[in-house]
Amino acid sequence: MIRHHHRPRPLALALLLVAVTALAAPALAAPAPATAAGLPYQDPTLPVATRVADLLARMTLDEKLGQMTQAERGSVTASDLTTYRLGSVLSGGGSAPTPNTATSWADMYDGFQRAALATPLGIPMIYGVDAVHGHNNVYGATIFPHNIGLGATRDPALVQQIGQAVAEEMTGTGVDWNFAPCLCVARNDRWGRTYESFGETPDLPASLSTLVTGLQGTTLGGPTSVLATAKHYLGDGGTTGGDDQGDTQLSEADLRAIHLPPFQAAVQRGVGSVMISYSSWNGVKLHGHRYLITDVLKGELGFSGFVVSDWNGIDQIDGASGFTAAEVSAAVNAGIDMVMVPTAWKTFLSTLRAEVQNGHVPMSRIDDANRRILTKKFELGLFERPYTDRSWTPTVGGATHRALARQAVRQSQVLLKNDGGVLPLARDNNKIFVAGKNADNIGNQSGGWTISWQGSSGAVTPGTTILQGIRAAAGPTTTVTYNQRGTGIDKTYRAAIAVVGETPYAEGQGDRTGSMSLDRDDLRTITTLRNSGVPVIVVLVSGRPLDVAAELPRWNALLASWLPGTEGAGVADVLFGGYAPTGKLPMTWMNSVSQQPINAGDGKVPLFPQGYGLTY
């Protein structure tokens with residue numbers, strides 16, 4: 001075992017710490033009991049800034065560089081954390097321990113944490129995940145509606161409650177850092193991340209930044225407090241053509257007016273971290289944008305937390321594959337404090353070390369990054385409570401959280417058409433036919449970022465499908481028949497429900513460059529139902545508005561269900577009138593795909609304006 005040699009601290013700092021420590025205790029009181037190792041940074045009674053200063057003065061360059069490095073769980077071992085002093089680990093989308101259970105996650109987290117604490121200074125690691133609509137990498141977790149659905153609720157208090165519920169489920173698995181909320185303002189529905197946006201105008205994401213308070217608590221350090229992340233800074237929803245990771249071509253005035261307000265709101269809520277966008281602003285990659293990161297975010301907005309890169313984001317600065325020394329120094333000097341280098345983290349460490357030693361990255365920048373990261377670790381209480389609090393593990397997928405998710409589903413439904421009052425459906429003495437590929441499919445109704453990165457069809461995690469919700473809501477005297485293609489319907493049925501729309505996708509693969517219409521199977525299913533002469537109710541499961549104007553005249557009703565998650569009973573609550581619809585469109589609904597981008601106030605005539613929504 002190699003002993004750690006503390007470097008002598010500058011005398012002035014040592015005297016200052018003595019003075020601050022003396023001030024912290026009343027003059028006549030008995031001396032406070034020494035902590036285990038007796039070092040100021042380990043003393044929870046001292047102010048956080050004092051603890052950070054003390055710890056920073058004891059750290060070697062390698063320890064500081066380690067704090068700035070985040071590796072993916074599949075590319076790092078526990079002993080790597082000890083050897084390389086790594087500050088953070090993450091799970092990419094779908095990256096989970098085997099078996100994928102809450103307890104397995106807690107065991108994995110604690111194993112990594114033990115290794116971090118085995119270093120000479122015992123600095124705990126922080127573990128990050130994309131829990132963007134529930135703790136969605138974990139099998140059995142509650143899956144809430146994606147942000148577009150929450151945007152339709154227009155309910156900041158509900159969104160804050162959801163943040164608290166997600167934090168509880170995360171706490172039960174040890175995970176203490178959430179790469180959420182996405183505060184993007186989605187301006188073009190072709191973008192594959194449209195469902196991650198609360199709305200197309202800045203007021204909606206800004207008002208629903210209450211998710212930050214739900215996740216973190218009013219201050220960091222509560223029993224289920226996890227670090228929140230405002231992402232992706234800045235303008236990710238404004239790219240030309242809705243191209244993921246593309247170029248947002250806007251004046252600075254428009255960038256500030258449209259895309260900045262939600263981040264300002266999050267900073268005012270004390271958000272702990274901000275993630276930089278892959279995209280560019282007027283041709284310059286955000287990952288190297290010192291003006292927007294250091295001058296605007298940290299300076300003007302007063303953001304005091306730490307900035308994290310996106311997955312290998314530093315490698316995109318020069319447009320060539322494989323990050324270079326110039327990219328590393330550009331990113332760190334631009335103001336990125338922690339760098340997500342999932343696999344090539346060893347190369348990153350040696351490159352950054354060389355860039356510091358040759359003067360390309362000043363020590364003041366390294367110290368600033370460490371000060372920001374360590375401050376959040378102290379504020380979260382990681383030094384005092386580094387391991388999983390297993391008392392929260394049973395909340396993962398628990399009944400209370402599922403009830404909250406069901407409420408969120410109900411409030412997110414937007415009724416767009418209801419000819420002749422075909423909805424709500426009678427619970428009793430009714431005969432209903434249900435069809436469509438999204439009627440009985442948890443994977444489809446949950447969308448991307450569910451168990452895997454892109455999501456997938458089928459029974460990916462426990463929950464209630466929309467069909468199961470309909471069956472449960474119908475009274476004992478009502479017949480519910482299901483056939484995915486609509487085969488078997490006849491005119492004795494009183495209503496037909498077609499649950500159709502999109503199948504799961506996430507960033508990149510979700511971009512729709514051509515048609516945004518229903519697919520051939522969906523159209524065929526609806527036609528089969530219509531040909532029976534029965535009134536047809538279309539329930540649209542999708543991550544964005546779809547191009548349906550040409551078909552809509554032949555539908556009796558249209559309900560936008562978005563991507564409701566695991567609690568499909570919330571859709572049935574609205575269909576049967578147990579809950580009158582209250583959702584309002586967070587996005588403008590196009591009249592045709594040729595209108596994209598279409599947004600409130602741009603003068604284009606929509607099929608339905610932003611804010612539209614009927615009730616019973």
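Which residues point one way from β16, and which the other way? The points below take up this question together with other features of the model.

1. Basis of the note. This is a predicted model, in which local features need pLDDT of at least 70 and side-chain atom pairs count only at pLDDT 80 or more, whereas totals for chains, interfaces and linings use all residues. Residues are numbered from 1 along each chain as its sequence is written, and side-chain values use heavy atoms, with hydrogens and water left out.

2. Strand β16. Val-536, Val-538 and Leu-540 point one way from β16, while Ile-537, Val-539 and Val-541 point the other way. In a regular strand the side chains alternate between the two faces of the sheet. Six of the six residues of β16 are buried (buried means under 20% relative accessible area, exposed over 50%, and partly exposed in between, with a 1.4 Å probe and protein chains only). Helices and strands are DSSP runs numbered from the N terminus, a helix being H or I with at least four residues and a strand being E with at least two.

3. The sheet. An open sheet with mixed pairing is formed by six strands, in the order β12-β17-β16-β15-β13-β14; two strands pair if DSSP finds at least two bridges between them. The edges are held by β12 (414-418) and β14 (479-482), each with a single partner strand, so one side of each is left without a neighbour in the sheet. From one strand to the next, the twist averages 20 degrees. Axes are lines fitted to C-alpha atoms, for helices over the stretch in contact, and angles run from 0 to 180 degrees between N-to-C directions.

4. Pairing and packing. Six bridges join β15 (residues 495-501) to β16 (residues 536-541) in the parallel sense, and Val-500 has Leu-540 in β16 as its bridge partner. Helix α18 (residues 466-473) packs on the sheet and touches β13 (431-435), β14, β15 and β16; contact means heavy atoms within 4.5 Å. The direction of α18 makes about 165 degrees with that of β14.

5. Salt bridges. The whole structure contains 26 salt bridges, each defined as a side-chain nitrogen of Lys or Arg within 4 Å of a carboxyl oxygen of Asp or Glu. One of them joins Asp-337 to Arg-365, with the closest N and O atoms 2.4 Å apart. This pair links distant parts of the chain, 28 residues apart: Asp-337 is in the loop between α13 (325-334) and β11 (339-340), and Arg-365 is in helix α15 (residues 363-380). Asp-337 counts as buried at 0% relative accessibility, and Arg-365 counts as buried at 9%. Both belong to a network of salt bridges that links Lys-298, Asp-337, Arg-365, Asp-368 and Arg-372.

6. Further pairs. Within helix α15, Glu-379 and Lys-376 lie three residues apart, about one turn of the helix, and their side chains meet in a salt bridge (2.9 Å, N to O). Glu-379 is partly exposed at 30% relative accessibility, whereas Lys-376 is buried at 6%. Lys-417 and Asp-419 form a salt bridge at 3.8 Å, N to O; here Lys-417 is buried at 12% and Asp-419 is partly exposed at 44%.

7. A buried charge without a partner. Glu-200, in the loop between β4 (177-178) and α8 (203-207), is buried yet has no salt bridge. Its nearest side chain of opposite charge is Arg-187, 5.7 Å away; Lys and Arg count as positive and Asp and Glu as negative, with His and the chain ends not counted. Leaving aside neighbours within four places in sequence, the contacts of Glu-200 include Val-185, Arg-187, Met-587 and Gln-610.

8. Cysteines. Zero disulfides are found in the whole structure, a disulfide being a pair of cysteine sulfur atoms within 2.5 Å. Cys-182 is buried at 3% relative accessibility, and Cys-184 is buried at 1%.

9. Backbone points. The peptide bond joining Thr-98 and Pro-99 is cis, with omega about -5 degrees; Pro-99 is in the loop between β2 (88-90) and α5 (102-117). Another cis bond runs from Leu-423 to Pro-424, with omega near 0 degrees, and Pro-424 is in the loop between β12 and β13. Arg-154, not a glycine, has a positive phi of about 50 degrees and is partly exposed at 32% relative accessibility. Ile-451 has a positive phi near 65 degrees and is buried at 18%.
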